[in-house]
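Look at the fold before you look at its details. Walk through the sheets, then the helices, then the charged pairs.

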Amino acid sequence: MKIIIAGAGDVGFHLAKLLSYESQDTYIIDYDGDKLNYINNHLDVIAKKGDATSIKLLKEIGIDSADLLLAVTESQNTNFTISVIGKSLGAKKTIARISNPEFLSNKTVDFKKFGVDFMISPEDLAAKEIKQLLNQSSFNDTVAFENGVFNVMGTMLGYKSPILDLTVKEAKDKFCLVDFITIAIKREGVSQTIIPRGDTTYKLNDQVYFSVPNYSIDKLYGIIGKEHIDIKNVMILGGSRVGRKTARKLCKDDFKVKLVEKNKDKAFALAEELRNTLVIYGDGRDLELLEEENIREMDAFVAVTGDSETNIMSCLVAKSKGVKKTVALVENMDYINISQTIGIDTLINKKLIAASNIFRHIRKGEILALANLHNVDAEVFEFEVQPNAKVTKKIIKELRFPREAIIGGVIRDGKALMSFGDFQLQSGDKAIVFCLPESITIVEDLFN
């Protein structure tokens, strides 16, 4: 598969990094020589310096044989231009990163006619993720498949968890009436993500990811030793695109939202636009202001300003004031893995979310959905099982499934089924699979 990435920023770099685990024919174009040098030294892709809107350059790298063109520069207009030119020159599929929310909900203009097959908004995806995190407040990571029929949910194990110091098998025997599968563990001081087996032991401060059907979510709280937190009052710091979209989505679900914005003109404009949100003009770093606005009565605090450090520090302040749930937006991807160690519930990066969302278009086989978990360098897939696929030939424990992957559950005819060793997959099943990068190709082959 030949893939051309326009833009070597965070989204482009992460896409290139994901592709470097596979034998894809990948090109990345950017003006910035330093970024391209870094990519050349760290990733197995072809870096090309220049303007991605240049017809000459695109022809040079063989745009006419490209299976996929990803326009993910910082400029929406540039991405549209690249997509239109690329499609005209023969690219089979184009994806453009956009910032205007109107384009996503638009039903009037058919952008495919102009050469843009798919559009993606990092801000909109981040807002959706924040809303989902607040709906499952005792968990710091959550991904829903098939509208929540199956869910992957992550949390840090505290000393109150009854599964602490038990093996996976012992925990399953103890809680035999609860349907769940432990698909991954991220342990303090261990760089490699653990794919648990029956003899793997749960330890204090483990970041554990469970695959759980919707009917078992409420029972999962007893296993992790936490109570469901009912979140209604939310304070958002920052009237950025993410802040605005988050406020709008939360208000639609009847959350009570306060939004703090330090730019006067922007604050008044937001107050006009967001009729159901209380917009406060002021600096959210001002402790006196936060106290005046009853920060202690907030159930959740979401910091989405343009400054990562401000977001992190303000969330720590909110936590110290007794706020139950904190979410901070960060630009630096290196921060993502430190959220639990510094006391913030979840750090999210909109570009990482966008790259993961785009990546499902790259996959071979019948992949219906794909998601990245925040603290692990791995992916969760939803595969549709094909007729005569290798996974249908034997029960799971006889499949020679790679050690670095695990099936977290199956959806059959709209119903959630647990995928233990004696389970056999059938054509048409939708399987939830957690997979480390090194085994992705093997897993794809098993499902084809």
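I181 has S211 as its bridge partner in strand 10. Strand 9 and strand 10 (residues 207-213) run antiparallel and share five bridges. Two strands count as paired if DSSP finds at least two bridges between them. Helices (H or I, at least four residues) and strands (E, at least two) are DSSP runs, numbered from the N terminus.

This is a predicted model: local features need pLDDT of at least 70, side-chain atom pairs count only at pLDDT 80 or more, and totals for chains, interfaces and linings use all residues. Residues are numbered from 1 along each chain as its sequence is written, and side-chain values use heavy atoms, with hydrogens and water left out.

Contact here means heavy atoms within 4.5 Å.

Which order do the strands of the six-stranded open sheet have? The order is 3-2-1-4-5-6, and the pairing is parallel. Strand 3 (46-49) and strand 6 (118-120) are the edge strands. Each has a single partner strand, so one side of each is left without a neighbour in the sheet. Strand 5 (residues 94-97) and strand 6 run parallel, joined by three bridges. Within strand 6, F118 is the bridge partner of I95. Helix 2 (residues 33-42) packs on the sheet and touches strand 2 (25-30) and strand 3. Its direction makes about 165 degrees with that of strand 3.

**A covered pair of strands**

Strand 11 and strand 12 (residues 256-261) pair in the parallel sense over five bridges. L237 has V260 as its bridge partner in strand 12. M235 stands opposite K258, also in strand 12. Strand 11 (residues 233-237) has four of its five residues buried, so the rest of the structure largely encloses it. Strand 12 is mostly covered, with five of its six residues buried. Buried means under 20% relative accessible area, exposed means over 50%, and partly exposed lies in between (1.4 Å probe, protein chains only).

**Two helices that cross**

Two packed helices are described by the angle between their axes and the distance between the axes. Helix 6 (residues 122-135) and helix 14 (residues 350-359) pack at about 100 degrees, with their axes 8 Å apart. That makes helix 6 roughly perpendicular to helix 14. Angles under 35 degrees count as roughly parallel, over 145 as roughly antiparallel, 65 to 115 as roughly perpendicular and the rest as oblique. Helix 6 brings P122, E123, L125, A126 and E129 to the contact, and helix 14 brings K350, I353, A354 and N357.

**Charged pairs**

Side chains of opposite charge can pair when their charged atoms come close. A salt bridge is a side-chain nitrogen of Lys or Arg within 4 Å of a carboxyl oxygen of Asp or Glu. The whole structure holds 28 salt bridges. One of them joins K48 to E60, with the closest N and O atoms 3.9 Å apart. K48 lies in strand 3 and E60 in helix 3 (residues 55-60), so the pair ties together parts that are 12 residues apart in sequence. K48 is partly exposed, at 28% relative accessibility.

Is D299 buried or exposed? D299 is buried, with a relative accessible area of 9%. Its side chain meets that of K324 in a salt bridge (2.9 Å, N to O). K324 is partly exposed, at 40%. Finally, a network of salt bridges links D10, E74, R97, E331, K350 and K351.

Methods: Axes fitted to C-alpha atoms, helices over the stretch in contact; angles between N-to-C directions.
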